[in-house]
Structure formats: C-alpha cells, structure tokens
Amino acid sequence: MTLSKGEISIPEFAMQKESIQGCELSQHLDHPSCGATVQFEGWVRNHNQGKKVTGLEYEAYEDLCLSEAKKILTEAKQKWSITHVLARHRVGTLDVGECAVWVGVSSGHRREAFAAAAYVIDELKARIPVWKKEFYVDAPAEWVACHTCGSGHSSSPYPSSDCGSHHSGSCKA
Amino acid sequence: MASKTIMVRYFAELRELSNCQTEEVAEAPDTAAELYLQLKQRYGFRLELDEIKVAINGAFAHLDSQLAPGAEVAFIPPVSGG
C-alpha cells in the first residue's frame, strides 16, 4: 500500500477495551520522509498519593472523547510539521503495568516529533472526558481528580507530585 | 415557561451518586447550570458548579447555555485520563 504524507490506514485515535499494542501501531508511523519518531506510553503505576494501587478502571464519554481527540491531533498537525500522529486510550479495567495511553508521532526531524508528542499527551490528559477509578490495597476505591493534587491544574504538564503523571522515570523502577 | 424534558447522562462519581447512567428530567430549568444545581441537591453531588463542565448534544458547551426541549446534557466531572 502506498500512502502519501499525512495519510494513514487506521484510525488516528481510538478508545479501546483491548490492550494497546504499541509496536504494531508504530509500524503505521513509518514513512520514507521521516527521520524521527517519538512514542509515549502511559502505564498503570503501583502507587499514587502514597497509596498502593492494585489496578484501575477507566470510564469514558466515548463520542466526546473521539471528537475532542480529533481536534487535539489536528492542532498538533497544524502547530508542527509532522507526518503522522496516532493515539490510543484504554477503557475498562486495567492491571498495574498495563499501557493506559499511547501516543506516536513521526516527522522529518526529532524536535517536531518530541514537541508534538508532548502536546498530544498533555492535551489528551487535560481535555478528553475520561475518568479513572483507582483500586487500592488498603483503602476504598476512589475516582481520581488530578486537578485537586500536585500543582493544582490539569494544564500544567509536569505536576510536582506523582499524581497522574506517567512520564518516563516515575512509572517503574 | 413551557415544561421541557431533558435527557441527562451521568459519568463517574455522578453516575454512582445518582445510581443511573441516563435519566429523563421533566420540567427542567432554563440553563445547564440551574439543572446541575437542581440535580446536585437531589443526589448530593459533591462537585461544585465551578468544578464541572457540560456537554450538550455531544459537544462541550457553556454552563449558562439555554437548554432546548429534548436536549441531551452530560455533566463532566474533572477528567483524569492518561
């Protein structure tokens, strides 16, 4: 199959019950004009706010997630010269260590790919209507509201606490 | 003001507190904000008006939006994706 720049054969964004296969998705980012790809995986961490997490459940307003994510991906393509952008978000029940969200970008050069990938994950976390219920070892399950912790606002990409941030380094040892 | 029926969708903690996913509200007030406050009182929602967003007919809208008869309204608690 030949695809011109910007075309892709799978949906750019999806909410899915099935586990996210980052390696398979990344193959769709490939293009001869690309010299760079940046891929981000958010994982279910085994702790949050001092509590031991055993797993979590995502609930979503799926129609609105799809339309809002489409806007975010379009914004990324307008802001940076990138070739492909793909993203996936899980719904349903997840265990510790599972991939909860995945973003992949390819572009001619690395800076655009890094910037666009960071933008997409930050905006997805702040804007798509998804809610996370965490289950704990020794506390009742609760809906996580990240606006109430860390730096206090969802638009801040890197909160000082570990709440909701799955950026590399804080996820697993 | 003629009475109007609104379809309300609940998610996350609002779904749990109301114990339903969707509900028809008859004789709804004029705006989404007024409707939320009415439901907050009925179900004991803990989230204040300034903590939620609203979607009307599948698109984000202002809380002071007027509600048309038959509209589908979803109140959006603070999101926590990713």
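What follows is a chat about the labels and the cut-offs behind them.

Modeller: Ground rules: this is a predicted model, where local features need pLDDT of at least 70 and side-chain atom pairs count only at pLDDT 80 or more, while totals for chains, interfaces and linings use all residues. Residues are numbered from 1 along each chain as its sequence is written, chains are lettered from A and ligands numbered from 1 in the order in which they are written, and side-chain values use heavy atoms, with hydrogens and water left out.

Colleague: Why is E13(B) called buried?
Modeller: Buried means under 20% relative accessible area, exposed over 50%, and partly exposed in between, with a 1.4 Å probe and protein chains only. E13(B) has 13% relative accessibility, so it counts as buried. E13(B) lies in helix 1 (residues 12–18) of chain B; helices are DSSP runs of H or I with at least four residues, strands are runs of E with at least two, and both are numbered from the N terminus.

Colleague: And what does E13(B) contact, leaving aside its neighbours within four places in sequence?
Modeller: W143(A), R46(B) and L47(B). Contact means heavy atoms within 4.5 Å.

Colleague: Is P78(B) buried or exposed?
Modeller: Buried, because its relative accessibility is 14%.

Colleague: Which element gives the most to the side of chain B that touches chain A?
Modeller: Helix 1 of chain B, with four residues. Overall, 21 residues of chain B are in contact with 23 residues of chain A.

Colleague: How much area is buried between chain B and chain A?
Modeller: About 1,800 Å², with carbon and sulfur atoms giving 57% of it. Buried area here is the accessible area (1.4 Å probe) that two parts lose on being put together, summed over both. V79(B), S80(B) and G82(B) supply 34% of what chain B buries against chain A, more than any other three residues.

Colleague: How do you know that helix 3 of chain A has close to its expected reach?
Modeller: The expected span is 1.5 Å times one less than the number of residues. Helix 3 (residues 110–127) has 18 residues and reaches 26 Å from its first C-alpha to its last, close to the expected 26 Å. Its buried residues include A113(A), Y119(A) and L124(A).

Colleague: Why is Q49(A) called partly exposed, and why N57(B) exposed?
Modeller: Q49(A) has 44% relative accessibility, so it counts as partly exposed, while N57(B) has 55% and therefore counts as exposed. Q49(A) lies in the loop between strand 3 (47–48) and strand 4 (51–60) of chain A, and N57(B) in the loop between strand 3 (53–56) and strand 4 of chain B.

Colleague: What about their phi values?
Modeller: Most residues other than glycine have a negative phi. Q49(A) has a positive phi of about 55° although it is not a glycine, and N57(B), also not a glycine, has a positive phi of about 50°.
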